[in-house]
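Dear colleague,

Please find the structure below, handed over for your records. The findings follow directly after it.

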Amino acid sequence: MDTGKEKLEQTLAKSDLVLPETSHQGQELIREELGMLTTEFDGFSQDCEDLQDNLGIISLMDCWVFFFSHIF
């Protein structure tokens, strides 16, 4: 998830370089697309956090410890 956030931030930073050289109409399109991309990434990130919370992520090692503690 961190890599995706970094790439999004890099893209947003690069847009600062491109926007001044772009027509007004192009700037609006770029801003709109970047806004949608940011919103979608934030939603995806939140969905992943919610999924982890709902599943109660347990490591494989925890499963083995639980398994063996109930057998012996």
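In helix 1, Gly4, Lys5, Leu8, Thr11, Leu12, Ser15 and Val18 meet Ile30, Leu34, Leu37, Thr38, Phe41 and Asp42 of helix 2, where contact means heavy atoms within 4.5 Å. By class, this contact has 7 nonpolar, 4 polar and 2 charged residues. Please note that this is a predicted model, in which local features need pLDDT of at least 70 and side-chain atom pairs count only at pLDDT 80 or more, while totals for chains, interfaces and linings use all residues. Residues are numbered from 1 along each chain as its sequence is written, and side-chain values use heavy atoms, with hydrogens and water left out.

The axes of helix 1 (residues 2–18) and helix 2 (residues 24–55) come within 11 Å and cross at roughly 170°; they are lines fitted to C-alpha atoms over the stretch in contact, with angles from 0 to 180 degrees between N-to-C directions. The two helices are therefore roughly antiparallel (angles over 145 degrees).

The protein has 3 helices and 0 strands, these being DSSP runs of H or I with at least four residues and of E with at least two, numbered from the N terminus.

Gln27 lies in helix 2 and is buried, at a relative accessible area of 15% (buried means under 20%, with a 1.4 Å probe and protein chains only). Leaving aside residues up to four places away in sequence, Gln27 touches Leu19, Pro20 and Thr22. Buried residues make up 11% of the 72 residues in the protein.

How values were computed:
Parallel < 35°, antiparallel > 145°, perpendicular 65-115°, else oblique. Nonpolar A, V, L, I, M, F, W, Y, C, P; charged D, E, K, R; others polar. Buried < 20%, exposed > 50% of the residue type's maximum accessible area, 1.4 Å probe, protein only.
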